[in-house]
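Please look over the sequence and the coordinates before reading on.

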Amino acid sequence: MNLELILFIVLALIAAVSAVMVITQSHPVMSAIFLILNFFALAGLYLLLNAQFIAVVQVIVYAGAIMVLFLFVLMLLNTSSEFKVLTDKKFIKFFALLISAFVFVQLAYLIFFTKPSNAVKGNLNVSSQIGTIQNIGKELYTNYIIPFEAAGFLLLAATIGALILAKKKFE
Amino acid sequence: MYQNSTEIFQMMPFIIIGAGILLSIAVEMSIKKSELILPWFSILIFAVSAVISIAGIQQESVLFGGMIAAGGKAAIFNFIFNVGAALVVLNSVDYIKKYGTYYGEYYILVQSSVLGMMMMSGAKDIIMIFMGLELMSICFYVLAGINRKKFSANEASMKYFLLGAFATGFVIYGIALIYGTSATTKIDDIISGFNRLITNPLFVAGFIFLLIGFSFKIAAFPFHMWVPDVYQGSATTVTGLMSTTGKTAAFSVFIIILAAIFSTHSINKFTPYFAAIASLSMLYGSIVAISQDNVKRMLAYSSIAHAGYMAIGLAAGNISSESGIIFYLAAYTFMNIGAFGIVSIIEGENDTQLGISSYAGLGNRNPVLAAFMALFMFALAGIPPLAGFFGKYYVFIGAIEGGLTWLAVIGVISSVISVYFYLRVVVYMYFREPQEEIKIYSDNLSLSAVVVSGLLVIIFGLFPDTLLNLITSALIR
Amino acid sequence: MNITEIIVVSLIKIVLVIVMILVAVIFLVYFERRISAWIQYRIGPNRVGWKGILQTTADVMKLLLKEDIVPSASNKTLHTLAPIIALFVAFSTYAVIPFGPDVTIFGYQVKLMVADVNIGVLYVLALTSLGVYGITFAGYSSGSKYSLLGGIRSSAQMISYEVSMGFSVAGVLLLSESLNPQKIVLAQSGWMWNAILQPIGFITFVVSAFAETNRLPFDLPEAEPELVGGYHTEYSSMKFAGFFLAEYANMIIASAMITTLYLGGWQIPYIDKLGLGVTLTTLLQVGAFFLKVIFLLFFFIWVRWSIPRFRYDQLMSLGWKVMFPLSIINIIWVACLIMIFNL
C-alpha cells in the first residue's frame with residue numbers, strides 16, 4: 001500500500017460519492033456544490049497521472065469559472081427546489097435508464113474484456129511525461145497548431161454570437 | 001515546419017477566410033457604415049477562396065502534420081461552400097433591410113460558419129472534424145436567432161441549439177470510443193486499420209454514435225425533429241445557408257470517415273443503418289411535405305427527403321455513389337439557395353407572405369421570378385434535364401451497383417410523390433388568381449443571386465458528365 | 001531525505017508560514033488603521049498597548065467572545081462553509097511562494113518555500129479562482145439581498161479580472177520559460193526584473209490583483225454605502241473574523257505574488273559582487289523579500305485611502321476594455337523582446 005494508491009482510493013471515493021450526491025440532491029445549488037467537489041477530486045486524479053496541465057485547467061476552468069457562472073444563474077433564479085419533471089413522464093425515465101444501462105455495459109466491457117491499448121503498454125517514462133505543461137505546449141504549437149487556431153476561431157465566433165443574442169439593446 | 005509554396009497556395013482559402021473574419025470584425029468596430037462594406041467584402045473573400053480552391057483541385061496535399069487536406073474532393077466542397085455562402089450573402093443584403101435589423105455580426109458569423117465547413121471537409125484528423133462541426137454549428141445557432149425581435153426566431157435558435165448540443169454529445173462520445181479503441185485520432189490510420197478495428201464492438205458503437213450525431217446535422221429521419229421549426233423560424237436567407245452548405249459539410253464528413261468503405265477494401269457494416277434512415281427520410285419528408293401550406297416549411301420537409309436520397313449513396317458505399325452524392329450536394333445547394341432566395345424576395349415583413357397562396361398569380365405579375373421558381377421546383381423534383389435529376393440518377397445508379405435496388409425503387413417512388421408538392425407551387429403561380437394584394441419588394445441583388453443559382457442549376461443539368469468526371473477524378477486520386 | 005523527514009520538514013514549514021501570516025495580519029490591520037489615520041490627519045488607535053499596537057489583538061478577542069448569529073433564512077451548512085473556504089484558499093496559496101534561496105540547515109538542504117511545485121504559478125491561479133466561492137457562498141447562504149448582491153458582484157468581478165491576470169502572467173512565463181516560482185525568481189537576476197522589462201504587464205497584474213483581493217477601489221462586493229456590508233452583512237463573531245483574516249491574508253499573498261513575479265522575488269541586484277558570506281547574503285535576500293512585500297502592502301493601503309470606489313459599469317469596462325487588451329499587448333511586447341534580444 002503506497003502513498004499513490006491511498007491517494008487514489010481517497011480521491012476516487014470522493015469523486016464517486018460526490019457524483020452520486022449531485023444527482024440525489026434536490027436543491028440545485030447543493031448539486032452544483034457537489035459537482036465542484038467532484039471536479040476537485042478529478043483534478044487530484046489527474047495529478048496522480050502526472051497530467052498537471054489538465055488538473056490545473058480542470059480547477060481553473062471548470063471549478064473556477066464555469067461552475068461560478070452556473071451558481072450565478074442558480075442564485076439569480078433562486079429556485080428553492082427542483083421541479084419534478086420525471087415523475088409523470090414514464091417514457092423519459094425509461095430512456096434515461098436505457099442510456100445509463102448502455103454506458104454501464106460499455107464500461108464493464110471495457111474493464112473486463114479489453115486489453116490495455118498500445119499507449120499504456122508503451123514506454124512508461126515517455127507516457128508519464130506527456131501531460132506536463134512543456135509537452136502540451138510543444139504539441140499545441142507544432143502538431144496541433146491548426147486545431148488550436150480553429151479553437152481560437154470557435155471561441156471568437158461563440159463570443160460574437162453570445163454578444164449578439166444577449167446584448168441589451170441595439171440602436 | 002517548412003511549407004512549400006504549393007502548400008501555402010492550397011492553404012490560401014483557409015487563410016483568406018480566417019483573415020477575412022478578423023478584418024470584418026475590425027471593419028464592423030471602426031466604420032459606421034459597415035453595412036455598405038461588409039456584404040461586398042464577404043462576397044469578395046468567398047469568391048477568391050472559391051476560385052483558389054477550384055484551381056487546386058488537381059493536386060491533393062495534406063498540410064500541417066496531417067491535420068488538414070486541401071485540393072481533391074475538399075476543393076470541390078470548398079467551392080460549394082464558398083459559392084453558396086456568397087450567394088446567400090448577396091441574397092441577405094436586401095432581406096436584412098426589409099426586416100430593418102442590420103447586425104454586422106451576421107456577415108462575420110456567415111464567414112465563420114464557412115470556415116468551419118471548410119475545416120470539416122478537409123479534415124484529416126477527428127479533432128479537426130469536431131472543431132469544424134462546432135464552429136459551423138455555433139454560428140448556425142446564433143444565425144437562426146439573429147432576428148431577435150421575432151419570437152419564432154428565438155424559438156428556432158433555442159431548439160436548434162438544444163438538439164444540436166445533443167447531437168454534439170453523440171459525436172464527442174463516438175469520437176471518444178473511436179480514439180479509445182484505435183489509439184489514434186488520425187483518420188488515415190483509422191481507415192488503414194479499419195478491417196481490424198471493425199471487429200471490436202466498442203469501435204462499432206463509437207462509429208455508430210458518430211454517424212448518429214451527423215445524422216442530426218444532415219436532417220435525416222429519426223433525427224429530424226428540429227428541422228421544420230428551425231427552418232421556418234430562422235431568417236429565410238439563414239435557412240438557405242444551413243439547409244444547403246450545412247448539409248453538404250455534414251455529408252463531407254460522412255464521406256471522409258467512411259472512406260474505408262468507399263474504397264471497397266472493407267465490407268459495409270453500416271448499410272442497414274444508412275438504408276433505414278435513407279428510406280424513412282425519403283418517405284417521411286415527401287409525404288409530410290404534401291400537407292404543408294407554408295413554403296418554407298414545405299422546403300424544410302423536402303430537405304429531409306433530400307437527405308434521404310443522398311443517404312442512399314452512403315448505404316450503397318461505392319465510388320460511383322460517392323461521386324453521385326457530391327454531385328447531388330452541388331446541385332441541391334444551388335437549387336435550394338435559389339428557391340430560398342425567391343422565398344426571401346416574396347416574403348413580406350413579419351413572416352407574412354410565406355404561404356403558398358401568396359404565390360398565386362406570380363406568373364403574371366412577375367414572370368422572371370415565377371420562371372426561376374418553376375425552374376427550382378422542377379429541379380428539386382428531379383425533372384430532366386435539370387441538375388436535380390442527375391443528382392438522383394447518379395445516386396440511384398450507385399445504389400443499383402451496390403446491390404440495393406430496392407432502395408433505389410423507394411427513392412423513385414418518393415420522387416414521384418414529391419412531384420406533387422413541388423408542382424403545386426408551379427400550379428399556384430401560373431393557374432391561380434391571387435386572392436390578396438401581394439406587395440413584392442423589388443430587389444435586384446437578391447434577384448441576381450437567384451439568377452446565378454438558376455444558371456448553375458441549368459449548367460449542371462446540361463453538362464452533368466463534365467462535373468461528374470471532375471468529381472470522380474478528384475475522388476480516385 | 002526519507003519520507004518521515006520530508007513530512008516533518010514540511011510540517012515545520014507549514015506551521016511557520018501560518019504563524020507568520022497570522023502575526024502579519026494582526027500587524028497589518030493595525031498599520032492599516034494607523035496609516036489611514038495618518039493620511040486623513042487623525043490619530044488612529046492609540047489606547048491599547050504602546051501606541052495602540054495591541055488594538056487588533058483586543059478586537060480579535062472581542063470577536064471571538066461574541067455570539068455567533070446565524071440568520072434563520074440562511075442555509076446553515078453553506079453559511080459555515082463559506083468562511084472556511086475563504087480561509088483555506090488564502091492560506092494554501094502561500095505554499096508555493098519562495099521567500100529565499102535554498103539554504104542548508106543542520107546538513108539538510110531546505111527550500112525556503114513549503115512546496116516546490118513545478119506548476120506553482122498555475123497552482124496560485126487555480127486557488128485564487130476558487131477564492132470566489134467563499135464570497136459567493138457567503139452571499140447566497142445568508143438569505144439576504146445585500147449579501148446576494150455582494151456575492152454576485154464579486155463573482156462577476158473576479159472572473160473578469162482573472163482573465164487579464166492570467167494573460168499578464170503569460171508574459172512572465174514567456175521570459176522565465178518556467179511555471180516554477182523559484183525559477184521565475186532566478187530568471188530575474190540582476191536588473192532584469194519583470195517590472196522593468198514588461199511594465200504594462202506589471203500594471204495590469206497589480207490592478208487585477210487589487211480586483212481579486214476586493215480591495216478599494218474594487219471593493220464592490222462589500223461596498224458599505226450601498227450594500228451595508230456586502231457578502232458579510234449577516235456574519236458575526238468567528239466567521240466574520242474568518243473573512244476579515246482571509247481578506248488581509250489575500251492582500252499578503254497578492255503582494256508576495258507581485259514580488260515573486262515582477263519584482264525579482266528575494267533577489268537583490270548584484271549582491272554577489274559584494275563578496276559577503278553565504279549566510280549573510282541569504283539573510284539579506286530573505287530580508288529583501290519581506291521588505292518588498294511590506295512596501296507593496298503599504299501601497300495597497302495607500303491606494304485604498306486615496307482612490308474612491310469605481311462604479312460597477314466602470315469596473316467592468318475597465319476590466320474588459322482596458323486591462324484585457326493591455327495584457328494582450330503585453331504578451332506581444334514580451335514576444336517581440338524575446339525575438340529581438342534573444343532573452
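How many residues of chain C are in contact with chain A, and with how many residues of chain A? There are 16 residues of chain C in contact with 14 residues of chain A, where two residues are in contact if their C-beta atoms, placed from the backbone, lie within 7 Å. The elements of chain C that give two or more residues to this side are helix H4 (120-141) and helix H5 (145-176), helices (H or I, at least four residues) and strands (E, at least two) being DSSP runs numbered from the N terminus. H4(C) gives the most, with 9 residues. By residue class, the side of chain C that touches chain A divides into 12 nonpolar, 4 polar and no charged; here Ala, Val, Leu, Ile, Met, Phe, Trp, Tyr, Cys and Pro count as nonpolar, Asp, Glu, Lys and Arg as charged, and the others, Gly among them, as polar.

Two points on conventions belong here. Residues are numbered from 1 along each chain as its sequence is written, while chains are lettered from A and ligands numbered from 1 in the order in which they are written. The model is predicted, and local features need pLDDT of at least 70, side-chain atom pairs count only at pLDDT 80 or more, and totals for chains, interfaces and linings use all residues.

Chain B also touches chain A, with 30 residues of chain B in contact with 21 residues of chain A. On the chain B side, the elements that give two or more residues are helix H1 (5-30), helix H4 (105-122), helix H5 (126-144) and helix H9 (201-218), and the largest share, 10 residues, comes from H5(B). The residues of this side divide into 22 nonpolar, 5 polar and 3 charged.

Taken by itself, chain B has 21 helices and 2 strands. Its radius of gyration is 21 Å, close to the 23 Å that the globule rule gives for 477 residues, so chain B is as compact as a globular protein of that length; the radius is taken over C-alpha atoms, and the rule is 2.2 Å times the number of residues to the power 0.38. Along the principal axes, the C-alpha atoms of chain B fill a box of roughly 65 × 55 × 40 Å. Of the contacts in chain B between residues at least 6 apart in sequence, 80% join residues at least 24 apart.

Buried residues make up 61% of the 477 residues in chain B, a residue being buried if 20 or more other C-beta atoms lie within 10 Å of its own, exposed if 12 or fewer, and partly exposed in between, with C-beta atoms placed from the backbone. Leaving aside neighbours within four places in sequence, Ala331(B) is in contact with residues including Phe390(B), Val457(B) and Phe460(B).

Lys62(C), in helix H2 (residues 55-65) of chain C, is exposed, with 11 other C-beta atoms within 10 Å. Ser192(B), in helix H7 (residues 187-192) of chain B, is partly exposed, with 14 other C-beta atoms within 10 Å.
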